[in-house]
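Colleague: I am new to reading protein models. Could you walk me through one, feature by feature?

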Amino acid sequence: MAFWLVKSEPDAFSWDQQVVNDVEPWTGVRNHAARNNLKAMRVGDRAFFYHSNIGREIVGVVEVVREAYPDPTAESGDWVAVDMKAIAPMPHPVGLAAIKADPALADLALVRLSRLSVGPVSPEHWAHLCAMGGLRL
């Protein structure tokens, strides 16, 4: 199993909407590096659901339930989507300020590549962030 972090602006698509919908296609990614990360996702991989712009915090965990397929929202190009299923809310959302302040997370893609909307998370960083948020999966 691999781990990821996916970002969404909560005023466009929020954690609460993900929970209500349960399984939702992750569409609209138009960055080549983020697209390649979507293509690398496999069924069973897990991702932190991160609210960007408003909140700037990890608020939940989703699981990949369908691997990359052509993004139905793309008018052209080699863009893909994956389907994500809501797994659990983060008991204590983990904010960007706390993440940046923690030296153990200095290599996290969210910190190093702040504009990347879909990024990898190492198993060590995953465990550390889960502990910060009080999540036991």
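Colleague: Where does N53 lie?

Modeller: N53 lies in the loop between β3 (46–51) and β4 (57–70). Helices (H or I, at least four residues) and strands (E, at least two) are DSSP runs, numbered from the N terminus. This is a predicted model, where local features need pLDDT of at least 70, side-chain atom pairs count only at pLDDT 80 or more, and totals for chains, interfaces and linings use all residues. Residues are numbered from 1 along each chain as its sequence is written, and side-chain values use heavy atoms, with hydrogens and water left out.

Colleague: Is N53 buried, exposed or partly exposed?

Modeller: Buried means under 20% relative accessible area, exposed over 50%, and partly exposed in between (1.4 Å probe, protein chains only). N53 counts as partly exposed because its relative accessibility is 48%. Look at its backbone too: phi of N53 is near 65 degrees, a positive value in a residue other than glycine.

Colleague: Which values belong to R56 in that loop?

Modeller: R56, in the loop between β3 and β4, has a positive phi of about 45 degrees although it is not a glycine. Its relative accessibility is 45%, so R56 counts as partly exposed.

Colleague: And S52, buried or exposed?

Modeller: S52 is in the loop between β3 and β4, and it counts as buried because its relative accessibility is 12%. For contact, we ask for heavy atoms within 4.5 Å. Not counting residues up to four places away in sequence, S52 touches K7, S8, E9 and P10.

Colleague: Now a helix. Which residues of α5 are buried?

Modeller: In helix α5 (residues 123–133), the buried residues are H125, W126, L129, C130 and G133. Seen down the axis of α5, they fall within an arc of 135 degrees, so they line one face of the helix. That arc is taken from the directions from the helix axis to the C-beta atoms. The face turned away from the buried side carries the exposed residues E124 and A131.

Colleague: What do the buried residues of α5 pack against?

Modeller: They pack against β1 (3–8), β3, β4, β5 (80–95), α3 (96–101) and β6 (118–121). Just after α5, G134 takes a positive phi of about 70 degrees.

Colleague: How do I read empty space?

Modeller: Rolling a probe the size of a water molecule over the atoms shows where empty space is left. On a 1 Å grid over the protein atoms alone, a cavity is a set of points where a 1.4 Å probe fits but cannot get out, and a pocket is an open set with protein on both sides within 12 Å along at least five of seven lines; lining residues have an atom within 4 Å of a point. Grid points are joined across faces, edges and corners, and a volume is the space filled by probe spheres set on the points.

Colleague: How many cavities of 30 Å³ or more does the structure hold?

Modeller: It holds 1, and about 60 Å³ of space lies in the largest cavity. Among the residues lining the largest cavity are L5, K7, L108 and V118. The largest share of that lining, 4 residues, comes from β6.

Colleague: What is the volume of the largest pocket?

Modeller: The largest pocket has a volume of about 590 Å³. It is lined by 21 residues, of which K7, S8, E9, S52 and S117 lie nearest its centre. β2 (23–26) gives the most to this lining, with 3 residues.
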